[in-house]
Amino acid sequence: MKDDGEPKPSHSNDEHKPEKKQQLKKENHSVRGIRPRIGFSDSFSTLELGGLDIEEGHQSENYSSPRSIESGTLSSRASTSDSEGQPDLRGTNNNQWRQGFFKLLKKGSQMPFHTFHPLKNVPKLARRKSKRIREDLIPSLTSPSLNSSLDTEFCCFKSSWKNFTLSEIQAATNDFSHDNLIGEGGYAEVYLGKLEDGNFVAFKRLTRGNQEEMTADFLSELGIIVHVDHPNIAKLIGYGVEGGMFLALQLSPHGSLSSILYGPREKLNWSLRYKIAMGTAEGLRYLHEGCQRRIIHKDIKASNILLSQDFEPQISDFGLAKWLPDQWTHHTVSKVEGTFGYLPPEFFMHGIVDEKTDVYAYGVLLLELITGRQALDSSQKSLVMWAKPLLSANNMKELVDPVLPDAYDEEQMKLVILTASLCIEQASIHRPHMSEVLKILRGEEESLKMIKERQKSKLQRTYSVELNDAEDYNSTKFLNDRDRYMETILSTLNSIKKESNES
Ligand SMILES: Nc1ncnc2c1ncn2[C@@H]1O[C@H](COP(=O)(O)OP(=O)(O)OP(=O)(O)O)[C@@H](O)[C@H]1O
């Protein structure tokens, strides 16, 4: 990048160098596509829009994820839990708007997206009640209610996003100059771009996979990010579909949390870390409970938390995110997607995805903020495994990042440690929802009391009841560990309460 005297992201100086690029490549990138991505249970955005070819008007009716084909499991669709009771997405009923979508993307804001008018009286989907998936409640793609919802979604697709031409992106990024490369994930390169009006943006260019894989990832990310609007979610400015697939995102001047936490982390004093913990929790609560649909991010990790000028965290990278219909308690996937070190046990064991998948990853993120250690260290040792004995022993001194010697608010630290402990509970039912997480982090009396009651009653329960509740976790060792763990949580709660009574 030319030195034009313009402000640059603080991380740009060294990240532009080739050595830094190599370093970026070693980051703990997300895994996508080990198992086939099929079935309605994937995000509507991926699948509904995934049938589109990037070339205008070229649309395959028999679309399927190329990963499914590669893994040879497409034909065994019915045997995967993804597909059980799933409606056929390859029906032609929605072809009309499928065909239109890429045309709209290419035409950009001249073509208003509210071509898709909302249908009135769209029935509100009921909140889920039972633990099991009610197949009779699964909306059929051809059912009027689902089509209505789709229309409602797309009426919200603002036309204000800029459709960048390739030459505009090239001009902004110095023709994808290495000097402008500010980030690299497993699936994309991110370039600093300077627009004609002098504003800076981040251009995310999808780089991995073949055309169809990239199309599915691009549309998945675009399909989610255009529907969300929250101060703690990365902001989309525009997109480009010429000569590749690009998302133009608001530039985060400090880069990602991982670039600071695993770089010059002395910069991250405790109050900034607490702010990042709170803001990320707010963003996740919004995704899970506050926006039009339940969105599971599925890849919460330090490199997907971007930091604004004043260190406000913004959740980014919706390449793996899923929409869950309200009637579904969870969604079962048949492939491992996400990032090692952040994935909960039920995901590894049964492919279960729900809000608690993100809650677990958020717990790992809290541990990273507390300890300054990475989710997986250089020898692939998990932070959770390292931290659990210290959490059980309530060993705050050993847990806390050595670069924060006593320079932290002890009350806040205790609350964050407590929250992390709860979020990484092995059994997902014992993890809090994000709205509860926020209450705990704020130290709200009522929620602390509730946790205390819950922990007490859990301690009183017999092992057999525990086993029914969480059949995955049936080793005596684990149950012993958990008892110790719960006792620690109780004692932490007692000390927090005592301190707040004294003050
Ligand atoms: N808006 C932005 N502003 C500044 N830097 C950004 C921005 N978006 C992304 N980056 C940087 O680029 C990196 C890679 O981006 P991103 O995580 O979206 O790519 P990815 O290929 O989807 O990653 P993953 O392998 O985790 O799936 C981020 O970790 C961050 O450092």
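This is a predicted model: local features need pLDDT of at least 70, side-chain atom pairs count only at pLDDT 80 or more; totals for chains, interfaces and linings use all residues.
Colleague: Which strand pairs with strand 4 over seven bridges, and in which sense?

Modeller: Strand 3 (residues 188–194) pairs with strand 4 over seven bridges, in the antiparallel sense. Within this pair, Leu192 has Ala202 of strand 4 as its bridge partner. The hairpin of strand 3 and strand 4 has five residues between the strands, and Gly198 there takes a positive phi near 95 degrees.

Colleague: How many bridges join strand 4 to strand 6?

Modeller: Five bridges join strand 4 to strand 6 (residues 246–250), and these two strands run antiparallel. Here Phe203 stands opposite Ala248 of strand 6.

Colleague: How do side chains lie in a regular strand?

Modeller: In general, side chains in a regular strand alternate between the two faces of the sheet.

Colleague: Where does Lys267 lie, and why does Lys267 count as partly exposed?

Modeller: Lys267 belongs to the loop between helix 9 (257–261) and helix 10 (270–290). Buried means under 20% relative accessible area and exposed means over 50%, with partly exposed in between. Lys267 counts as partly exposed because its relative accessibility is 44%.

Colleague: What of the chain overall?

Modeller: The chain contains 19 helices and 12 strands. Of its 503 residues, 57% count as buried. Among contacts between residues at least 6 apart in sequence, 72% join residues at least 24 apart. The chain exposes about 21,300 Å², of which carbon and sulfur atoms supply 50%.

Terms used. Residues are numbered from 1 along each chain as its sequence is written. Side-chain values use heavy atoms; hydrogens and water are left out. Helices (H or I, at least four residues) and strands (E, at least two) are DSSP runs, numbered from the N terminus. Buried means under 20% relative accessible area, exposed over 50%, partly exposed in between (1.4 Å probe, protein chains only). Contact means heavy atoms within 4.5 Å. Accessible areas come from the Shrake-Rupley method with a 1.4 Å probe; for residues, only the protein chains shown count as cover. Two strands pair if DSSP finds at least two bridges between them.
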